[in-house]
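I opened my notebook to record what I could look up in this structure, one entry at a time.

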Amino acid sequence: MNQAERDILLRQKWIDTYLSCGSVSQTARKYGIARSTLQRWLKRFTINGKNGLFEKSKRPLKLASQKTNDEIENLVLLIRQEFRYGKIRICSQLLREYNVKLSAPRLAEFCIKMR
């Protein structure tokens, strides 16, 4: 039995306990969870039945547009080769010289891809 199946069984136990005693507070106290957590799972259970007990993905539906393209990649490579700057200096150089705003963490992802 994997972790997802154990989580579903645990949530089912929460709901069964709630249905038998009828109190969100008592059930939450018994299992050491927040009432809001129990209420959220109860709502999902009433809407979707047993399928509502599966964990939903927390990935956003829309991702921010990716700002790097071939032109920016070439600029970063040029700056990196010519000046041997790190990611923060490359970001400030891009902003100052080329008016391209790119965050240091985003640039770090990009530099890892370049290796």
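**Entry 1: a pair of helices**

I looked up helix 2 (residues 24-31) and helix 3 (residues 35-48), and found that their axes come within 9 Å and cross at roughly 110°. Here helices (H or I, at least four residues) and strands (E, at least two) are DSSP runs, numbered from the N terminus, while axes are lines fitted to C-alpha atoms, for helices over the stretch in contact, with angles from 0 to 180 degrees between N-to-C directions.

I noted that this is a predicted model, in which local features need pLDDT of at least 70 and side-chain atom pairs count only at pLDDT 80 or more, whereas totals for chains, interfaces and linings use all residues. Residues are numbered from 1 along each chain as its sequence is written, and side-chain values use heavy atoms, with hydrogens and water left out.

Helix 2 and helix 3 are therefore roughly perpendicular to each other (angles of 65 to 115 degrees count as such, under 35 as roughly parallel, over 145 as roughly antiparallel and the rest as oblique).

I then asked which residues of helix 2 and helix 3 meet. V24, S25, T27 and A28 in helix 2 meet R35, L38, Q39 and L42 in helix 3, where contact means heavy atoms within 4.5 Å.

**Entry 2: the two sides of helix 2**

I looked up burial next, taking buried as under 20% relative accessible area, exposed as over 50% and partly exposed as in between (1.4 Å probe, protein chains only). V24, T27 and A28 of helix 2 are buried. Seen down the axis of helix 2, its buried residues fall within an arc of 95°, so they line one face of the helix; the arc is that of the directions from the helix axis to the C-beta atoms. R29 and K30 are exposed on the other side of helix 2, and the cover over its buried residues includes helix 1 and helix 3.

**Entry 3: R11**

When I left aside its neighbours within four places in sequence, R11 was in contact with W41, L53, F54 and E55.

**Entry 4: the whole chain**

I finished with the chain, whose secondary structure comes to 6 helices and 0 strands. Of its 115 residues, 29% are buried. Among contacts between residues at least 6 apart in sequence, I noted that 36% join residues at least 24 apart.
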